[in-house]
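Hi,

Here is the structure I promised to pass on. Have a look at it first, and my notes follow below.

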Amino acid sequence: MLIKSVFFSLTLLGASVFAPMQAEANGNSPGNFGDGKPPVSGFISHDELSNELQKIERSSQGTVDVDVVGHSNQGREIYKATVGSGDKVVLVQSEIHGNEKTGTKALLQMLQQLGSNNASDMRELREELTIVAIPMMNPDSSELNRRGNDMTWNEVVEDFPQLEGAPSSWNYYTYTNEFWDYASNPGFDVNRDFNPDLDYTPQPEDFPGASAEPGWYITPEAQTVRDVYKELDEQFGQVDVFVDLHHQGEYLIDGTDDEVTLSLSGVFVPDPNSDEGEKYSEYADNYNEEFSKKLNVAAYNALQQKGNSPFGNISLYPQNLDLPGTALGSFALNGSGAVLFEVTGQTQTYGHQRMGQLVNAVELGLYGILDSVASGNVYEIDADDYDDIPLTDR
Ligand SMILES: [Zn+2]
């Protein structure tokens, strides 16, 4: 029962919804609203990821190109896998939260397919798109099967001596409870460490910060993804699409008894062109909410086409967020079409078959996005269809 209730309250990107309350309650555990410790059976370790990527690169005969683009704070490799030679760029990452694991499996399945399948639809994707995957972008948290990375505030100050004497950031976990021992092994929520100013360097006056303020790129994991993003930006002029793969709690589709399979979202900050988003006005020309909405509809439609099955139970994640420190918020402000996947709960509770279904749902949604961008069909989608995706009951 305990586990069950923990799963129900587990929340991922949306931890922010509860974060201020929680942060005020005990000061040092923002963003962790009772997320429990699930088993990891059926998912892959960082070592296995390394082997899998090598195998995929080899069997694709170079169609998939795997590079080490950085290292976690504990020195684990962060990989980038690139496939395709088109001029539209799609960047996808998984496991920024290490206890949200279906995305990594979905990315490996997709890379395997994109690298070795010569069917015409796969060839078209490779010709039209440059697909860049960063699976398990936060490997230290994956190894610990928890949300936070594995890094102390003292290590941050060693890297950025100007922060000597500044308060530690609000997303720094040092608490202990029945599931987590951040006290003896602290870490940061890396998905609050992004900043829409890709050249930002940490300034002491910007700490401790808050959920509705940008992050600082103090973690090597966020720095690595930022660097990949900047490099693609320079090479292609724009990262057209950014997708971030997460898990959430267990919910129902609003107004039904149907359990949500996954939730989607394309809105993470108030529109810089609106009064509410005025603080982001310098990004107003880049920001493209309409395109984000179209991409979400493309993923939604691909899943709906599977008909009456778990794949059909797709909902919209809560809207009206202001999360500039998330990778999605920061990159959306830089002009990328942005898509959040939030897979239901901890898949292990359903056994391997259910886990396989959820991995396949993620993969199916991703192909919906890839296909629509490669074919150009995404531009024909009515962005207003986004608002017709059923809400999540939460
Ligand atoms: Zn998450």
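Two strands count as paired if DSSP finds at least two bridges between them, and the strands (E, at least two residues) and helices (H or I, at least four) are DSSP runs numbered from the N terminus. Residues are numbered from 1 along each chain as its sequence is written. Please keep in mind that this is a predicted model: local features need pLDDT of at least 70, side-chain atom pairs count only at pLDDT 80 or more, and totals for chains, interfaces and linings use all residues.

On that basis, there is an open sheet of eight strands with mixed pairing, in the order β1-β2-β4-β3-β7-β11-β9-β10. β1 (64–71) and β10 (314–316) are the edge strands; each has a single partner strand, so one side of each lacks a neighbour in the sheet. Further in, β9 (residues 262–265) pairs with β11 (residues 337–344) in the antiparallel sense over four bridges, and L262 has V343 as its bridge partner in β11.

Now the core, meaning a set of buried Ala, Val, Leu, Ile, Met, Phe, Trp, Tyr and Cys residues joined through C-beta atoms within 7 Å; buried means that 20 or more other C-beta atoms, placed from the backbone, lie within 10 Å of a residue's own. The largest nonpolar core has 101 residues, and L91, L111, L264, V362, I369 and L370 touch the most other members. Helix α11 (residues 351–375) contributes the most to this core, with eleven residues.

On confidence, the mean pLDDT (the predictor's confidence in each residue, from 0 to 100) is 89 for the chain, and 88% of its residues reach 70 or more.

Best wishes

Terms used:
Buried ≥ 20, exposed ≤ 12 C-beta atoms within 10 Å, placed from the backbone.
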